[in-house]
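Student: I would like to take a close look at one part of this model, a single strand and the sheet around it. Could you walk me through what lies on either side of that strand and how the rest of the sheet is arranged?

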Amino acid sequence: MSATTPEHATSAEVQTVVAARRLKDARSVFIGVGRPSTAAILARMVHNPKLVLVYESGTIGAKPYHVPLSIGDGELAETADAIVSVPEMFNYWIGPGRIQVAFLGAAQIDRHANLNSTVIGDYDHPKTRLPGAGGAPEIATGCKEVVVIAPHSIRTFVKRLDFVTTTGNRTTHVITDLGVLEPRDGELTLTQVHPGVTAEQVAEATGWELAMADELRVTDPPTDEELSALRELAAR
Amino acid sequence: MAEHASLSDAVAELVRDGDSVALEGFTHLIPFAAGHEVMRQGRRELELIRMTPDILYDQMIGVGVARKLVFSYAGNPGVGSLHRVRDAVEHGWPRPIEIEEHSHAGMANRYAAGAARLPFAVMRGYTGTDLVAHTRVRPIACPFTGEQLVAVPALAPDVAIVHAQEADRDGNVQLWGIPGVQKEAVLAADRSLVTVERVVERLELRPGGVVIPSWVIDYVAEAPGGSSPSYSLGVTERDNDFYRFWDKLSRDREAFTEWMEANVLGVGASA
């Protein structure tokens, strides 16, 4: 890796760069909007130009130049290898496991990587009504490997979900702005911290007693290439 | 055969109080002009069906036309919440609303079963989630292998309304770009309206184009710009700034109500 300037990378940038690295060897990735989309486009720019981006709007092999605002932006349709209907997307592509990796987000995650994107509080008398399931339940059981991308705080990393929208059985990594968690014997375990972050900090931002790997890795700081590509992308 | 009509005549003819109505379009080709006309005509007690309610249903629910919402993702795509939908669900404003929610895969399969005139669709999904306890999904065993699957009930809306780029003089419709579940919605519904950007002499078939023949559509109405602030690929562009603007405006009941009166309810039909 080239000379690095980690102190200049924000925690959000580190999170995005680490997510992009997960796609180095992937054939295809299913993505929603926001940071997952930025990470996948970055992966195509610096690691894996042949990576197939799939959005639930039905665009397969989209090659966006800009980070799209919605999963159905015109640029995704104009650059896709194929555009399919929603029934086809779920029944022919996601369900049978044709998409290798999925990037998911959530409002809440528990120690088994189950996700809540439905409601905070009681279902019938919600404190906060969230958007709902979208494609997540079947994406999380259809794709081979699920990577969750979430902000690390006790609001998000909770002991008990208010609602199980999506199950965590296939989750291989949870990438946050503080580090990386991986399941060990069915429980999310901190395996990696980003530069300058301590294990104690991560534990404090987690709503359950967080298991720690014996040997905690430290994230390789973003390289100049990664960081300049990410900033160029964000500025487009 | 589809009849060409003005948007206001077509909506008046097709949409009745109490109907279940699906205005579809997955981010792309959302039939805003038609939804606005439904509101202007003062329809009430509707069961609104849409995979992604989007700003259109935020508006319709905010002015109180719906008694029930059937959906799978009620967010402002890439921006955040639908504040009017949330206010209705969380606080019953301007009226309480019943909700029935599914996953995208569930809704897509429900439309496909409706289009096929089957009573239900079979799929893998929902297992292990709390959705099972809160929505209409049932376990079912494969009669050949015994595999445990789930069944979701077919959707058969009273009315489907979709938007497309083009129709010809005979009322045959073609749309292209992201096709969503529009064909399924039209075929699943009892009655249907397609609004179009333009009427042409002859449809030129496009790669990936979806053609809906005139004889499965009731009305075609010309509505240029009728999917804005969503878009019609190749004709109009998605107004992402409006989606961001809506996030701010729609947080406040009074600002919302004033904006709707000035921009939707108090203005004439566009076609």
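Tutor: Bearing in mind that this is a predicted model, let us begin with strand 5 of chain A, residues 101–104, from which A:Val101 and A:Phe103 point one way while A:Ala102 and A:Leu104 point the other way, all of them being buried.

In general, strands of a sheet pair through backbone hydrogen bonds, in either a parallel or an antiparallel sense.

Stepping back to the whole sheet of chain A, we find an open arrangement of 10 strands in the order 4-3-2-1-5-10-11-12-13-14, with mixed pairing. The edges are formed by strand 4 (82–83) and strand 14 (211–218) of chain A, each of which has a single partner strand, so one side of each is left without a neighbour in the sheet. For strand 14 of chain A, there is a parallel pairing with strand 13, residues 187–193, over four bridges, and A:Leu190 stands opposite A:Met212 of strand 14. Helix 1 of chain A, residues 11–21, packs on the sheet and touches strand 5 together with strand 10, strand 11 (171–175) and strand 12 (179–184), and its direction makes about 155° with that of strand 11 of chain A.

Although charged by residue type, A:Arg111 counts as buried because 22 C-beta neighbours lie inside 10 Å, where the cut-off for a buried residue is 20 or more. Leaving aside neighbours within four places in sequence, A:Arg111 is in contact with A:Glu187, A:Leu188 and A:Trp208, and strand 13 of chain A spans residues 187–193. The C-alpha atom of A:Arg111 is also separated by 8.4 Å from that of A:Thr189, although these two residues are 78 residues apart along the chain.

Key:
Residues are numbered from 1 along each chain as its sequence is written. Chains are lettered from A and ligands numbered from 1 in the order in which they are written. This is a predicted model: local features need pLDDT of at least 70, side-chain atom pairs count only at pLDDT 80 or more; totals for chains, interfaces and linings use all residues. A residue is buried if 20 or more other C-beta atoms lie within 10 Å of its own, exposed if 12 or fewer, and partly exposed in between; C-beta atoms are placed from the backbone. Two residues are in contact if their C-beta atoms, placed from the backbone, lie within 7 Å. Helices (H or I, at least four residues) and strands (E, at least two) are DSSP runs, numbered from the N terminus. Two strands pair if DSSP finds at least two bridges between them. Axes are lines fitted to C-alpha atoms, for helices over the stretch in contact, and angles run from 0 to 180 degrees between N-to-C directions.
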